[in-house]
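Here is a short briefing for a first look.

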Amino acid sequence: MKVGVNILTESVFSDHDKKLFEYILDNIPDSITIVDVNCKVIFFNATAEEYYHIKREDILGEDVLIFFPGAILPKVIENGKSYFNIYNSPRRNSYVVLSAVPLYDKEGNIIGALARDRDITEIVKISDLLNKTQLSLLQLEQEYSKISSLGESYFSKIISNNASFIQVINLCKNISKTPLNILLRGESGTGKELFAKAIHYESGRKGKFIPINCSAIPSELFESELFGYEPGAFTGAKIEGRIGKFEEAEGGTLFLDEIGDMPMGLQPKLLRILEDGEVIRIGGHKPKKIDVRIVSATNKDIRELIHENKFRQDLYYRLDVFQVNIPPLRERKGDIILLANKFLQEFCMEQGINIIEIPQDILNVFYAHSWDGNVRELRNVIQRSVILAAQARNDKIEKSYLPSYMRNIELKKSTNNISVSEINELKCGLEEYISNVEKTIIENSLKETNYNKSETAKLLKIPRATLYYKMDKYGIPIDE
Ligand SMILES: Nc1ncnc2c1ncn2[C@@H]1O[C@H](COP(=O)(O)OP(=O)(O)OP(=O)(O)O)[C@@H](O)[C@H]1O
Ligand SMILES: [Mg+2]
């Protein structure tokens, strides 16, 4: 940038012009310093006077380096270069960005230089404050997520589209806050552990959530695991003794997983604790009061076990004060697509890829499959498919990514034998047929009500949210 005039020589400006010019420069918020070719200060505006606490009459005519030993202006005069937005702190807790340009006469000779300093002290302070606020916000967020990942969000992890299952979830949420013992019944992989944790964190109990898997502990060790033992209680025991799971769960929840596998010999002891509300460590005499909520889970029919003399009825009544039945996935087919999409999102994030949807032909296989491993199996299938898609750099899920036992559902199409997979295919066809009928009914009802969604929902006796969900599912435009 060339400023082609010596702004302060009377040969260029009249006295009036010069005054006007100085007036303007005095009234801008930046500090302005102008030096001549010998680095003598020839102009110093009012903002500069105020900012640097230097009076104009003291600095004018003096070498700029006397007042500003590190000044950039001599450099500008020496090499004719311009500098822009250089960060500088002329004194403690005070910050400026400065720019400096050479000034030229008509012939292009350097006749001086101009420096403009912008005071950014306030901006620096605000940005410091912002940084600190952001940091404490981050800390708060982390603290909050610790708390919220415990309570509310555990139940919100349990998702379903199935109206009666949603009722079960809500009822269970309400029961969580009571001290009642809860028995969770459901096939493998239906989410029993997820429920148990949700119940604990929703209960607001201050103690820990302690899980114990009754089928995984050898019966000889069971007693010491549950009740603990005093020092030297038996050979091989730890010298200092050991606290049992009941004491560990004090004030919290003890989750007895696979309760149907609890050894018969141990059941009376468990029953006594539940009746008395106190435990005695092995080898000890002093009973200790305990406040523990019991959530148990099983995939077995306990009544049948009672019938076979494998489970005590009195214990069963203690554990099953409130029973939650978690239906298998195949009995709530609507949840397949809901959960599949949820897991798809989760694993795509993990793999850093983007798969928008699961193709219809794969959904058909999903609908037809029996899902004996329930939600866990579905989760594994989606995880496997997403990993294979990521490896192949494919943004689509292909049938070949499914486990072979699922691929067979379609592969056996051409054989004439009536096989399980053929039956599954028929089921798959039925599903499609029902979908088509549903879609037609919805479309007709919409026409009938002139696309009034509340009217249509009333007509079909379904909640409006369900109508939107189904319209979306069948690709019927919502905003008509
Ligand atoms: N309704 C649901 N919504 C979201 N995720 C679910 C749901 N149900 C189960 N899951 C997930 O499915 C997996 C299996 O759940 P969980 O381990 O709780 O099942 P389980 O009934 O205890 O199985 P098992 O009897 O085999 O121990 C977990 O990853 C869980 O988070
Ligand atoms: Mg489990």
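Domain 2 (152-327) and domain 3 (328-414) each give at least three residues to the lining of the second largest pocket. The model is predicted. The second largest pocket has a volume of about 600 Å³, while the largest pocket holds about 1,100 Å³ of space.

**Second largest pocket**

- The lining of this pocket counts 24 residues.
- Nearest the centre of the second largest pocket lie Gly189, Thr190, Gly191, Lys192 and Leu194.
- Helix 9 (192-203), helix 15 and helix 17 (374-391) are the elements that give two or more residues to this lining.
- By residue type, the lining of the second largest pocket splits into 8 nonpolar, 6 polar and 10 charged.

**Largest pocket**

- The largest pocket is lined by 33 residues.
- Ile337, Tyr367, Tyr469, Lys473 and Tyr474 are the lining residues nearest the centre of the largest pocket.
- Four helices each supply at least two residues of this lining: helix 15 (334-351), helix 16 (360-368), helix 19 (420-448) and helix 21 (464-473).
- Which helix gives the most to the lining of the largest pocket? Helix 19 does, with 8 residues.
- The lining of the largest pocket comprises 13 nonpolar, 9 polar and 11 charged residues.

- Strand 1 spans residues 31-36.
- Is strand 1 largely enclosed or largely open? Of its 6 residues, 5 are buried, so strand 1 is largely enclosed by the rest of the structure.
- Buried here means under 20% relative accessible area.

**The turn between strands 1 and 2**

- Strand 1 and strand 2 form a hairpin.
- How many residues lie between strand 1 and strand 2? There are 4 residues between them.
- Cys39 sits in the turn and has a positive phi of about 70 degrees.

Definitions and conventions: Residues numbered from 1 in each chain as written. Chains lettered and ligands numbered in written order. Predicted model: local features only at pLDDT ≥ 70, side-chain atom pairs only at ≥ 80, totals over all residues. Heavy atoms only, no water. 1 Å grid on protein atoms, 1.4 Å probe; cavity = no way out; pocket = protein on both sides within 12 Å on 5 of 7 lines; lining within 4 Å. Points joined across faces, edges and corners; volume = space filled by probe spheres on them. Nonpolar A, V, L, I, M, F, W, Y, C, P; charged D, E, K, R; others polar. Domains from an automatic or database assignment. Buried < 20%, exposed > 50% of the residue type's maximum accessible area, 1.4 Å probe, protein only. Pairing = 2+ DSSP bridges.
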